[in-house]
Amino acid sequence: MLRLGALGLLLETARRAFSVDAMEPAEGILLIVESLTLEANESDNINIAQSALTVSSEETGTGEQAKKIVDMFLERLCHPSGLKKSNKQQRNTEMVARILPYLTYGEPAAMEALIQHFNPNLQDWREFDLLQKQHQENPKDENIAQKAAKQRFTVENFVRVSESLKTSSCGERLKDIILEKGILDVAVRHLRDSFAVTGQAGFKSSAEWSLGLKLPSVPHILSMLRGLSMGHLATQRSIDEGGILLLLHALEGVAGENEIGARAENLLDTLSNKEGKGYGFLEEKVCKLRHATRDEMRRRALRKREELLQVMSCPTNCYAMLYCFSDGCVSL
C-alpha cells in the first residue's frame, strides 16, 4: 500500500471527509493512516518521501508535500467545531494529534510548521493560568470562555503530540526542535517558579505550595515533559539542569489535585527507566531521592515508636488514668 501511494489517497479522502463532517468514515480512514504512517516511519525499505507523499497532481518537492499534509491536519485541529465536539469528533481530533508527527516524514519544513503552530501557546504559562482563572471566575463571559477553550484545546493537542513521539529519527529531530525553540526551558522554569518554596522547612504546608497545586498549567506540563523526555537524552539533561527533580519527587506524593501526583510519578518513572525500555538516563538521581524519602519515613516511624514505648513504660502514665462516669470519676 505504501509503495503504491495509498497513503496520499487516504489523506486526501480524510480531508474530504472532514470537510463535510463525515465522522465515521474519517475515523476509519484515520485508523488506517495511523497504522501506515507508523509503519512508514519505522521502515528502512520504503522511501516514503518518494512513493507516498502525494496529495495533488502538482509537481512539488517532497518537503512541500509533507508540509501541505501537516497544514491540512493542523487546519482540522483549528476547526471551529473542535471546541465543542461529539465523542466521535473528539476521537478523531485525538487521532489527528497522534499521527501529526509522523506526517512530517522528517522533512524540515513540515516539522517546523508543526512546532510553530503550537509554539505561541507554549511560551507564557503564566498567561495560560491567568486566562483559565479568569474563565473560572467569569464562566458566563463568552469572550473569555472562547479564548480559554481555544488556548486549552491547543495545549491539550500539543500534549498528545508530545506523547506520541517515538524514539525514531523523526521523533528525535522534533524533540531537538522543541528544545531549540525554548519550549522545554519555559515549562521547567514555570514549574520551578510556581513551587519556589520546595525544599524549605514545612513547604508542603505553605500557601505558595497550595496555590501551585491549583494552577491549570501544572498537569499539562508534567504530561508534556514525560512525552518529550522519553528516550531523549538532551531533554532529560535539560530537566535535570533545570533543578526540578526534587520538586517532581515532592509532587509525586500529592493525592487528588488534577492527577498531579500520578503524572509526576509517571514522569520520574520515565526519567529513571522504571519501564525497562532503556529510555531513562537519570535512574541514579531519581532512586537516590526516593530512597532518601523512604529512609526518612522509616526514621520518623522509629522515633514515634520509641516515644510511644517511653510513654507506656512510665508507671504514672499507665496507672493514673481516670474513667469518668455519670456520677463522678474513678481513679485506677
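Student: What does the accessible surface of the protein chain come to, and what share belongs to carbon and sulfur atoms?

Tutor: About 17900 Å². Carbon and sulfur atoms hold 52% of that. Keep in mind that this is a predicted model.

Student: How many residues are in the protein chain, and what percentage of them is buried?

Tutor: The chain has 332 residues, and 45% of them are buried.

Student: And how many helices and strands?

Tutor: 17 helices and 2 strands.

Student: Contacts next. Of those with a separation of 6 or more, what share comes from residues 24 or more positions apart?

Tutor: That share is 70%.

Student: Let's look at helix pairs. At what angle do H6 and H9 cross?

Tutor: Roughly 50 degrees, with the axes coming within 10 Å. H6 covers residues 108-118 and H9 covers residues 169-180.

Student: Left-handed or right-handed crossing?

Tutor: Right-handed, as H6 passes H9.

Student: Which residues meet there?

Tutor: H6 brings Met111, Glu112, Leu114 and Ile115. H9 answers with Cys170, Arg173, Leu174, Ile177 and Ile178. By class, this contact has 7 nonpolar and 2 charged residues, with no polar ones.

Student: Let me zoom in on Met111. Buried or exposed?

Tutor: Buried. Met111 has a relative accessibility of 2%, and the cut-off for buried is under 20%, so it qualifies.

Student: What does Met111 touch, leaving aside neighbours within four places in sequence?

Tutor: Thr104, Gly106, Cys170, Arg173, Leu174 and Ile177.

Student: How far is Met111 from Cys170, in sequence and in space?

Tutor: They are 59 residues apart in sequence. C-alpha to C-alpha, the distance is 8.9 Å.

Student: Another pair. What about the axes of H10 and H12?

Tutor: Those axes also come within 10 Å, and they cross at roughly 135 degrees. H10 spans residues 183-194 and H12 spans residues 217-229.

Student: Which residues make the contact?

Tutor: From H10, Ile183, Leu184, Ala187, Val188, His190 and Leu191. From H12, Ser217, Val218, Ile221, Leu222, Met224, Leu225 and Leu228.

Student: How do they divide by class?

Tutor: 11 nonpolar, 2 polar and no charged.

Student: Change of topic: Glu34. Where is it, and is it buried or exposed?

Tutor: Glu34 sits in helix H2, residues 23-42. Glu34 is buried, at 16% relative accessible area.

Student: What does Glu34 touch beyond four places in sequence?

Tutor: Met95, Arg98 and Ile99.

Student: And Glu259? What is its phi?

Tutor: Near 60 degrees, a positive value in a residue other than glycine. Glu259 lies in the loop between helix H14 (245-251) and H15. Glu259 is exposed, with a relative accessible area of 52%.

Student: Last one, Asn266. Which helix holds it?

Tutor: H15, residues 260-271. Asn266 is partly exposed, with 36% relative accessible area.

Student: How far is Asn266 from Glu252?

Tutor: 8.5 Å between C-alpha atoms, and 14 residues along the chain.

Note on methods:
Residues numbered from 1 in each chain as written. Predicted model: local features only at pLDDT ≥ 70, side-chain atom pairs only at ≥ 80, totals over all residues. Heavy atoms only, no water. Axes fitted to C-alpha atoms, helices over the stretch in contact; angles between N-to-C directions. Helix = DSSP H or I, 4+ residues; strand = E, 2+ residues; numbered from the N terminus. Left-handed = near helix turned anticlockwise from the far one by under 90°. Contact = heavy atoms within 4.5 Å. Nonpolar A, V, L, I, M, F, W, Y, C, P; charged D, E, K, R; others polar. Buried < 20%, exposed > 50% of the residue type's maximum accessible area, 1.4 Å probe, protein only. Areas by Shrake-Rupley, 256 points an atom, 1.4 Å probe, with all protein chains shown as cover.
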